[in-house]
Amino acid sequence: MATTKDYRLGEFTFPRGWFMIADATELDTHKPLAVRFFGKDFALYRGRASGRVVLLDAYCPHMKTHLAAPNNTSYVVIDGGGSNVEGDGIRCPYHAWRFGPDGKCDDIPYHQGAIPAAACVKSWTVVESLGAIWVWHDPEGGEPEWEHPSLPQWDDPSWVRWKFDHLGELRQHPQEVIDNICDNGHLGPIHGSTVQRYENELRGHIATQRQCGPHRTLVGADGVSPILHTVTSYHGPGVLLSDLTGLYDSVLMITHTPVDDGLIKVWHALMVKSPGNNAVATVPDTVAARQFQESSRLAFMQDFEVWTNKAPCLNGMFLPSDGPFMKARQWYKQFYNPRARRQEFLDECEGLYVPRGAVAYSDPQRGPGQGE
Ligand code: FES
Ligand SMILES: [Fe+2]
């Protein structure tokens, strides 16, 4: 396992950006969830009063009890019906100090008088969107630089919403996953694509890949592969969204979040426009959408299987016919360094790239998005 330092990415161990930290359905009960990301432990819960999601640093300032680790024996938990979430706050299972959603202690049952101002834990900016919980992680503690992930299709009844595939932890640095966005050469051998046109574009916090061609895995019901077009972008360092057209119109999302340096947690999901062309997706649409999501998951597992066993690529032997790996690695560095230096990295990477021997996706002779 290699670390951020080994990849020479920059000053920060963990990047700046929006990151998925949970599937929203994990908070369906009012039990708090102990989660670990960015080398830190957190308490995540849904407030009982307002339903808002709260993320706090995990350890109680009193005597460092984990506020959200599974606990079935404290009377704080037993008397709370199996949960120590109270209103929009959370009560420590050990001596029952209660913390509000802002992280400030607002009740110590056995203490009369003022509560010390230092009796608090950090509360993080979290958002619920697309069936997931997102945190803005920022080593500089700044405001979000771009909007949290959202999609208009989520509220469109003709689309079948996704259910997340929890792919678990992958013992690789996220750099190895990010490399995939410009990996032209793996599409044939790993995914069974016959790439007809291909390009990458790097702009600001977005890294895009556009490609089209027949595909051996995501085939039609008749076994005949339609031309698959994918327009795929990283929106910041942790969220990949891909518009797929071919068999069905769909949106793929792959998210990965650092747990520790060199260890990430990964989710996969696919939203599908009504396969039966209905204004409101039907039960058969949902069945077809779930099947298509499973095909998409299996396609992603083709990458995942390689990543599970590969050594870190610290000095790749890249060819001009490969995608622009080094440009994308430069793009990725903007998130590991102070935002004041962002332009430095963008100056070295922004642009449109077509690997040697490939045909540009947006070839002006053919017009963008046309099949062969
Ligand atoms: S350790 Fe949390 S209240 Fe004492
Ligand atoms: Fe891939």
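The lining of the second largest pocket comprises three nonpolar, four polar and three charged residues (Ala, Val, Leu, Ile, Met, Phe, Trp, Tyr, Cys and Pro count as nonpolar, Asp, Glu, Lys and Arg as charged, and the others, Gly among them, as polar). The model is predicted: local features need pLDDT of at least 70, side-chain atom pairs count only at pLDDT 80 or more, and totals for chains, interfaces and linings use all residues. Residues are numbered from 1 along each chain as its sequence is written, chains are lettered from A and ligands numbered from 1 in the order in which they are written, and side-chain values use heavy atoms, with hydrogens and water left out.

The second largest pocket holds about 200 Å³ of space. Its lining includes Lys122, Ser123, Trp124 and Thr125. Trp136, Asp138, Gly141, Gly142, Glu143 and Pro144 also belong to this lining. A pocket is an open set of points on a 1 Å grid over the protein atoms alone, where a 1.4 Å probe fits, with protein on both sides within 12 Å along at least five of seven lines; lining residues have an atom within 4 Å of a point. Grid points are joined across faces, edges and corners, and a volume is the space filled by probe spheres set on the points.

The largest pocket holds about 240 Å³. It is lined by 13 residues, with Glu176, Asp183, Val306, Trp307 and Lys310 nearest its centre. Six of the lining residues are nonpolar, two polar and five charged. Helix 3 supplies the largest share, three residues. Helices (H or I, at least four residues) and strands (E, at least two) are DSSP runs, numbered from the N terminus.

The iron ion (ligand 2) is coordinated at 2.2 to 2.7 Å. Donors are N, O and S atoms within 2.8 Å of the metal (3.2 Å for Na, K and Ca); water is not among the atoms, so sites may look incomplete. Along the chain, the donors follow the spacing N-x5-H-x4-H-x111-D. His191 lies in the loop between helix 2 (174–178) and strand 13 (197–203), and Asp303 in helix 3 (residues 283–309), so the pair ties together parts 112 residues apart in sequence. His191 is buried at 8% relative accessibility. Asp303 is buried at 5%. Buried means under 20% relative accessible area (1.4 Å probe, protein chains only), exposed over 50%, partly exposed in between.

Ser193 also lies in the loop between helix 2 and strand 13. Its relative accessible area is 10%, so Ser193 is buried. Beyond residues up to four places away in sequence, Ser193 touches Leu187, Gly188, Pro214 and His215; contact means heavy atoms within 4.5 Å.
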